[in-house]
Amino acid sequence: MSKFTADPVLIAGAGPTGISTALALGARGIPATIFEADPEDRDRSGSRAIYVHGSTLRTLDKVSPGLAGKLVDEGLVWPTRRTMWRGKKVFERTYDNPGGSGDIPHFSSIPQETTEEYMLEAVDEAGIDIHWDCAVEAVDTSDDGVRVETSDGREWDARYLVGADGGGSTVRKEIGASFEGDQSDNSFIIADIDEVEEDQWPLERLFHYDDPQVDGRNVMLVPFTGAWRLDIQCHEDDDPDELIKDEKMREFVRTVMGEQYEENVSWVSSYRFLQVMADTFVDEHRRVLLAGEAAHLLAPFGARGMNSGIADADEAAGAIAAAIGANRPTARDEIELYAARREAAAEYNLKAAGTALEYLQGDNPITNLRKEAAAVLADYFELAGEYLDDAPYGPHTAPPIVTTGNY
Ligand SMILES: Cc1cc2nc3c(=O)[nH]c(=O)nc-3n(C[C@H](O)[C@H](O)[C@H](O)COP(=O)(O)OP(=O)(O)OC[C@H]3O[C@@H](n4cnc5c(N)ncnc54)[C@H](O)[C@@H]3O)c2cc1C
């Protein structure tokens, strides 16, 4: 087997976490090489992150000046929040500006596929190498560094490895970390519906509790560049495979959005969301750092998945930069600090996404009573409607220890 001494840092995975890690290392003057299991011409379409938070945009702009501007120009900021309760409007608010600070709005609503395209452009401009079609297969660490075996039969030596290889992470398995947690009780149907030229649905984020038009299921609709994300929460006894069939989806779309959209379903899938985190984010020798979905999988309510993966990426790069310039015991401390901070953040993010999930699953009688009461009071008090509008996304607060971003 041929051995290669690569850049000081190797990264497994060219998803948003791996790419951001490479950019964040580059911004600190540290070269890195990315290994990606998929081929370069892979198809990354599909329903994934659409909500990029302002704090994440600021992190990206710090590590790659100009990147946030592209995501803002290409994305959109929906101005209106509206909530319905069993056919009755309980809350609506329209903002006359995009919030945030400076040129960075409160958020940008943009498909993950496009976000990744701009990130890859930035990686290319920064001269960072990506080895496509090249999966990390084995990882061996020692006090001195890490050796990685890739699917093309090569071995690579480096000082650190960042495992950003997603939920099924090989790196996580190789360092012996466990990955346990819960699954949502309900299935959720997620569909992306392309925009139409005329008779367009308004640019609003809509949540409809127990929508009578779709047999009392919860429905969420969120616009992003060129399309809408439709999210239907199945009843516990629904068969999601039946509901995502073409004819049934067309019926849902026709009923919720109008017949002009029914032929425009570009992607549909059903999920039971996982709430899982690794029991450690680092290996025993403090040479491997797990980041993004390799470290934690969150239900998407509150949009903490990619946003927190990018926060992991920036913090991993900061820890590695500090460790590379340090003596050995201090270097160990820097990596341990990464683990301590990001494990605490992941626990917090999991709890926040879990709060949203629990609220939506609706099996807590007190929460259900509160929802019913708020729906009645919403006719008289805006605050009651605002509670119903806010609650499906969980708390807005950030983990107690974050040095980058809000997640
Ligand atoms: C329906 C839905 C909606 C979502 N909405 C949002 C949202 O609005 N906001 C938000 O922040 N998040 C959202 N998320 C979550 C977001 O999509 C993920 O958190 C994000 O993709 C995780 O990025 P990642 O880079 O950690 O992992 P991935 O995107 O999974 O990337 C991992 C990469 O590693 C590669 N890989 C795998 N194994 C290997 C290997 N052995 N060697 C090398 N490479 C490997 C994979 O091919 C892949 O390219 C949503 C998710 C879903 C499903």
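**Salt bridges, ring pairs and a charged patch**

The structure holds 34 salt bridges. It is a predicted model, and the contacts described here are computed from its atoms.

One of the salt bridges joins Lys62 to Asp314, with 2.6 Å between the closest N and O atoms. Because Lys62 belongs to helix α2 (residues 54-63) and Asp314 to helix α8 (residues 305-324), this pair ties together parts that are 252 residues apart in sequence. The two partners can be described separately in terms of accessibility. Lys62 has a relative accessibility of 47% and therefore counts as partly exposed. Asp314 is buried, with a relative accessible area of 3%.

Another salt bridge is formed by Arg82 and Glu204, whose closest N and O atoms are 2.7 Å apart. This pair also links distant parts of the chain: Arg82 is in strand β5 and Glu204 in strand β15, 122 residues apart. Both Arg82 and Glu204 are buried.

A further salt bridge lies within one helix. The side chains of Glu247 and Arg250 meet at 3.0 Å, N to O. Both residues are in helix α7 (residues 246-257), and because they are three residues apart there, about one helical turn separates Glu247 from Arg250. Glu247 has a relative accessible area of 46%, so it is partly exposed. Arg250, at 23% relative accessibility, also counts as partly exposed. Elsewhere, salt bridges with shared partners join Arg81, Arg93, Arg205, Glu382, Glu386, Asp389 and Asp390 into one network.

The aromatic side chains come next. How many aromatic pairs does a search of the whole structure find? The search finds 12 aromatic pairs. In one of them, the ring centres of Trp85 and Tyr209 are 5.1 Å apart and the ring planes stand at 45°, so the pair is tilted. Trp85 lies in strand β5 (residues 80-85) and Tyr209 in strand β15 (residues 204-211), so that the pair links parts of the chain 124 residues apart. Trp85 and Tyr209 are both buried.

The rings of Tyr271 and Phe273 give a pair of another geometry: their centres are 5.3 Å apart and their planes meet at 15°, which is why the pair is classed as stacked. Tyr271 counts as partly exposed because its relative accessibility is 28%. Phe273, with a relative accessible area of 8%, is buried.

Ring pairs also build a cluster. Its members are Trp85, Phe207, Tyr209, Tyr359 and Tyr387. Trp85 and Tyr209, the tilted pair described above, are thus among the residues of this cluster.

Glu40, Asp41, Asp124, Glu125 and Asp133 form a negative surface patch. Where in the chain does Glu40 lie? Glu40 is in the loop between β3 (32-35) and β4 (51-53). Is Glu40 buried or exposed? With a relative accessible area of 60%, Glu40 is exposed, because the cut-off for exposed residues is over 50%.

Technical notes. Residues are numbered from 1 along each chain as its sequence is written. This is a predicted model: local features need pLDDT of at least 70, side-chain atom pairs count only at pLDDT 80 or more; totals for chains, interfaces and linings use all residues. Side-chain values use heavy atoms; hydrogens and water are left out. Patches are made of residues with over 30% relative accessible area and no salt bridge: like charges are joined within 9 Å, nonpolar side chains (Val, Leu, Ile, Met, Phe, Trp, Tyr) within 5 Å. Accessible areas come from the Shrake-Rupley method with a 1.4 Å probe; for residues, only the protein chains shown count as cover. A salt bridge is a side-chain nitrogen of Lys or Arg within 4 Å of a carboxyl oxygen of Asp or Glu. Lys and Arg count as positive and Asp and Glu as negative; His and the chain ends are not counted. The place of a charge is taken as NZ of Lys, CZ of Arg, CG of Asp or CD of Glu. Helices (H or I, at least four residues) and strands (E, at least two) are DSSP runs, numbered from the N terminus. Buried means under 20% relative accessible area, exposed over 50%, partly exposed in between (1.4 Å probe, protein chains only). Rings of Phe, Tyr and Trp (its six-membered ring) pair if their centres lie within 6.5 Å; planes under 30 degrees apart count as stacked, over 60 as edge-to-face and the rest as tilted.
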